[in-house]
Amino acid sequence: AKSLPLRNKKILITAGPTYEAIDPVRFIGNHSSGKMGYALAESAAKAGAKVILISGPTHLQHPGFGIELIRVQSAQQMYDAANTHFDEMDAAIASAAVSDYRPKNVAAQKIKKNSVNLTLELERNPDILASLGKRKKDQVLVGFALETENERKNALGKLERKSLDFIVLNSLNDEGAGFQKDTNKICILFKSGIKKDFPLKSKKEVSKDIINELTLLLNE
Ligand code: C5P
């Protein structure tokens, strides 16, 4: 049906921050609210898709009908969940703000303030989106990039390295875009080299634009 352009399509979406444990009560995290990813899940489900939403810790409600919500804490857990489901998917959108590093050793007990300075050793987390890029067969793969400098060049590098079909670029230089906000201003760069600019909109409206572009590629 025209009103359900994503009927029979399965879409995996990652959303929110990740929390990387330091000890039983502390973690390293970031300010991602999860709003963009949850809005994407809702828009995809409204277009008829079956959605698997893999979410880090957020304050958001389950976004509704047609969405299987898998809650995780750490990047490793998000990586495992994404790789478990990816092969059966038609598309994946990585909107999560994944922590690049995690504490190398997680203390079994709460760390005491015994010394003036404390050094935490960090190790790299796996890149979830890059792992899906390596694994992909005919899935459409979408990533996000939040850059503070050389935006176009960095985003195009990610598009290549992670085998994406398109990348959604949002700039911290734009008023109203980014973390915790209800609005976003995006630019989409396609594998084909085409670039589309969108005006400042609510994250709900932005999610519709992104799902539209995804729908066009899936029905090509
Ligand atoms: O390389 P960078 O972190 O800027 O790439 C951002 C994109 O990669 C986003 O789509 C993000 O969700 C994804 N990503 C990921 N796993 C990571 C780091 C980033 O899926 N460990």
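In which sense do strands β1 and β6 pair, and over how many bridges? Select residues 10-15 for strand β1 and residues 91-94 for strand β6: the two pair in the parallel sense over four bridges. Pairing requires that DSSP finds at least two bridges between two strands. Helices (H or I, at least four residues) and strands (E, at least two) are DSSP runs, numbered from the N terminus.

The model is predicted: local features need pLDDT of at least 70, side-chain atom pairs count only at pLDDT 80 or more, and totals for chains, interfaces and linings use all residues.

**Strand β6 and its partners**

Remain on β6 and select I93. Opposite this residue stands I13, and its bridge partner in β9 is V142. Strands β6 and β9 run parallel and are joined by four bridges. Next, colour the two faces of β6: A91 and I93 lie on one side, A92 and A94 on the other, and all are buried. A buried residue has 20 or more other C-beta atoms within 10 Å of its own, with C-beta atoms placed from the backbone. In a regular strand the side chains alternate between the two faces of the sheet.

**The shell around the ligand**

Now display the ligand, which is surrounded by 14 residues; the closest are A94, V98, I128, L129 and G143. A residue belongs here if its C-beta atom, placed from the backbone, lies within 6 Å of the molecule. Both α3 and β9 supply at least two residues of this shell, and β9 gives the most, with three. The shell divides into eight nonpolar, four polar and two charged residues. Nonpolar covers Ala, Val, Leu, Ile, Met, Phe, Trp, Tyr, Cys and Pro; charged covers Asp, Glu, Lys and Arg; the others, Gly among them, are polar.

**Two annotated positions**

UniProt, in an unreviewed entry, places the feature "binding site" at D100, K110, P126, D127, I128, L129, F144, K158 and K162. These positions spread over 63 residues of sequence and, in space, up to 37.8 Å between C-alpha atoms. Such annotations may be inferred rather than shown by experiment.

Select I128, in helix α3 (residues 128-135). I128 is buried because 26 other C-beta atoms lie within 10 Å. Leaving aside residues up to four places away in sequence, I128 touches T14, M78, Y79, A82, A94 and V98; contact requires C-beta atoms, placed from the backbone, within 7 Å.

Finish at F144, in strand β9 (residues 140-147). F144 has 22 C-beta neighbours inside 10 Å and therefore counts as buried.

Definitions and conventions
Residues are numbered from 1 along each chain as its sequence is written. A residue is buried if 20 or more other C-beta atoms lie within 10 Å of its own, exposed if 12 or fewer, and partly exposed in between; C-beta atoms are placed from the backbone. Two residues are in contact if their C-beta atoms, placed from the backbone, lie within 7 Å.
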